[in-house]
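Dear colleague,

Here is the structure I said I would pass on. My notes on it follow below.

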Amino acid sequence: MADIYEPDVGTAYYRSNDSIKNLQIKVRLKRVTSSSIVPSAAAKEQKEGNVEMGEMGKQPKLVDEEEIIIKWQEKIFSQREVELYNQEANCFNIREKTYHDQVVKIIERGKPTNRIFTYTDDDKFSHEEEAVQFMTTSKSERSTILAEKMSHVRQRRVGGRQLKERGVGLVPKINVVEASPSQDLRRKNHIEAPPMEVMYVMGDLSPRERAAHESDEYIMCMLQIDANGVLSIRPDFNRGRKPYLIETTSVGREVFEYTIEHSSKPMNRQEQERERKMYREVYSRHKDFLEACVGLEFEAPPKDALRLAVFGEIESARDFNFDDIYLHFFVDLPKYWTADRFQPLSWVTQTCSSKVEGIDNVAHFSFPFSFELFYKNDSIKQEEKDELPSFPIVLVEVLSLDSWHRFRTEGYTYLQVPSKPGVYHETSHCWRPVGQSISSQLRRFFIGGSPELEDPTYAAVPSTFDGSHLSKFGFHTETSGSLTYRLNVLMQSRAFMEKKANKRSVGSLLDNLGITAMQANISNVIEAFKEARMKMMNARHNAERELLRDTKEL
């Protein structure tokens with residue numbers, strides 16, 4: 001079991017509604033090892049024999065202890081920075097010239113001898129320290145390639161301006177995609193601006209008898225705050241635990257101990273009450289603003305109508321003959337279904353190259369789409385009232401485009417929008433029409449072009465079909481690839497609210513919408529048939545994989 005008095009060297013996280021400018025921490029630094037051998041008065045008396053025998057074995061110690069209260073983003077200069085910024089020739093940008101003016105005023109009051117100093121968010125050290133972060137404290141650890149490349153992305157903007165030595169990222173008006181970017185272009189454009197501020201409390205642990213060096217500077221505490229008001233401190237406040245220890249790497253290997261305590265000024269009762277009143281007023285105004293934007297009630301569909309909202313994504317295409325494929329798909333609206341005139345019902349995806357995953361060629365589209373439809377059966381005839389409504393169908397055409405701008409039809413398929421709300425992950429298999437001669441296949445391979453459907457709805461039920469039995473016998477087709485979708489189906493109707501209020505049955509609810517129990521049974525049968533067909537297709541696909549694997553081994 002860990003000792004509760006041991007110091008906590010991990011990162012602690014705090015959240016406060018108060019302004020970060022009111023943060024104050026108290027840092028106390030003390031050297032616990034003996035000082036370097038420096039001639040002193042006590043040593044001189046011991047050499048002359050004016051010291052008693054009991055005190056001859058004692059070595060004099062130099063008291064080296066410092067305590068300071070630091071505010072948020074308060075700049076405290078070290079001895080090395082005082083020597084550096086005292087010379088105006090070492091100052092180039094505006095920040096360094098500002099530091100020069102401050103150092104000159106400090107030297108007029110007397111040369112500082114403090115060991116504790118700070119690096120604020122404006123200092124270059126804050127950005128260099130964030131470049132590459134190691135996972136352990138081992139000196140033999142090397143940064144990974146990913147960490148080195150991400151170090152150029154995690155650069156922050158200071159005061160709305162990019163650091164001078166980093167440059168400013170530019171987006172060209174032409175040739176937005178650079179096939180072979182140079183290192184200079186990557187350095188200028190791979191920039192991120194996370195809203196956060198950092199501050200480092202440092203310790204100058206150099207011996208007093210020599211000048212301070214950058215290698216003698218050690219991080220005592222790191223403070224970081226993000227846009228959400230979360231303050232992270234590494235290491236945490238001591239709170240009565242043992243002090244933290246730092247051992248120098250110089251020849252003397254001296255040991256220092258330090259403590260960090262929270263020293264912000266507490267608020268009195270009147271200030272707390274004033275702040276709570278202010279927050280209540282702000283939250284009340286924000287609530288009124290949201291109510292004015294949203295309204296008191298949600299928008300409801302018309303009476304005796306069903307609103308269908310579909311949020312979908314075409315995830316991937318698999319096992320098509322040619323590469324660089326794209327999709328053209330649209331929504332076919334059955335009878336009694338309508339859409340807003342500004343609602344897009346047709347889409348064209350980007351051209352996507354495929355890559356090999358296992359033995360399959362897969363093209364990942366990740367193309368999102370959404371549409372909103374309304375169903376209302378306002379027919380007067382009773383036979384049309386009793387007609388089984390059909391849900392919309394998404395008709396998809398898969399095409400390819402090569403480097404010679406030759407177009408080919410890779411396949412047709414359709415996707416039936418589910419009749420129940422929920423999340424669905426669907427896969428549809430494609431087919432394409434083929435000619436009856438070998439010349440059509442040669443023309444498809446060499447010069448492009450292939451047989452196409454004059455009516456795209458022929459992939460499902462043709463729009464011109466008005467019979468009771470549909471037969472496609474004699475139509476020459478060939479199986480191509482498959483498409484994978486993800487659908488989120490939502491339904492909204494006033495009948496749902498009435499059902500909840502009156503506790504009516506689901507059957508009567510569906511009857512009001514024109515969706516009878518008979519259609520629900522038919523939908524269940526169709527779903528079962530589709531699942532059985534999918535299992536059969538997957539078994540056939542796995543058998544073909546095994547056969548191909550055995551053929552390769554032979």
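In what sense do β2 and strand β9 pair, and over how many bridges? Strand β9 covers residues 255–262, and its pairing with β2 is antiparallel, with seven bridges. Before the rest, please keep in mind that this is a predicted model.

Strand β2

Residues 24–31 make up β2. Within the pairing to β9, R28 stands opposite T259. Strand β3, residues 65–71, also pairs with β2, again in the antiparallel sense and over seven bridges.

Salt bridges

Side chains of opposite charge can pair when their charged atoms come close. The count for this model is 24 salt bridges.

K75 and E81 form one, with 3.0 Å between the closest N and O atoms. Both of these residues are buried.

E217 and R80 form another, at 2.7 Å from N to O.

Is K111 buried or exposed? K111 has a relative accessible area of 60%, and because the cut-off for exposed is over 50%, it counts as exposed. E83 has 43% relative accessibility and therefore counts as partly exposed.

D121

The loop between β4 and α4 (124–129) contains D121. Its relative accessible area is 5%; buried means under 20%, so D121 counts as buried. The side chain of D121 reaches the backbone nitrogen of V198, at 3.0 Å.

The cavity

Rolling a probe the size of a water molecule over the atoms shows where empty space is left. How many cavities of 30 Å³ or more does the structure hold? It holds one, and the space in the largest cavity is about 50 Å³. Its lining consists of R432, P433, V434, G435, S440, Q441, R444, S450 and P451. The elements that give two or more residues to this lining are β18 (422–433) and α9 (438–446). Of these, α9 supplies the largest share, three residues. Sorted by class, the lining has three nonpolar, four polar and two charged residues.

To go through this in the viewer, you could start with β2 and its partners β3 and β9, then turn to the salt bridge between E217 and R80, and end with the cavity lined by residues including R432 and R444.

Regards

Technical notes:
Residues are numbered from 1 along each chain as its sequence is written. This is a predicted model: local features need pLDDT of at least 70, side-chain atom pairs count only at pLDDT 80 or more; totals for chains, interfaces and linings use all residues. Side-chain values use heavy atoms; hydrogens and water are left out. On a 1 Å grid over the protein atoms alone, a cavity is a set of points where a 1.4 Å probe fits but cannot get out, and a pocket is an open set with protein on both sides within 12 Å along at least five of seven lines; lining residues have an atom within 4 Å of a point. Grid points are joined across faces, edges and corners, and a volume is the space filled by probe spheres set on the points. Helices (H or I, at least four residues) and strands (E, at least two) are DSSP runs, numbered from the N terminus. Ala, Val, Leu, Ile, Met, Phe, Trp, Tyr, Cys and Pro count as nonpolar, Asp, Glu, Lys and Arg as charged, and the others, Gly among them, as polar. A salt bridge is a side-chain nitrogen of Lys or Arg within 4 Å of a carboxyl oxygen of Asp or Glu. Buried means under 20% relative accessible area, exposed over 50%, partly exposed in between (1.4 Å probe, protein chains only). Two strands pair if DSSP finds at least two bridges between them. A polar contact is a pair of N or O atoms within 3.5 Å; within protein, one must be able to donate a hydrogen and the other to accept it, and residues adjacent in sequence count only if both atoms are side-chain atoms.
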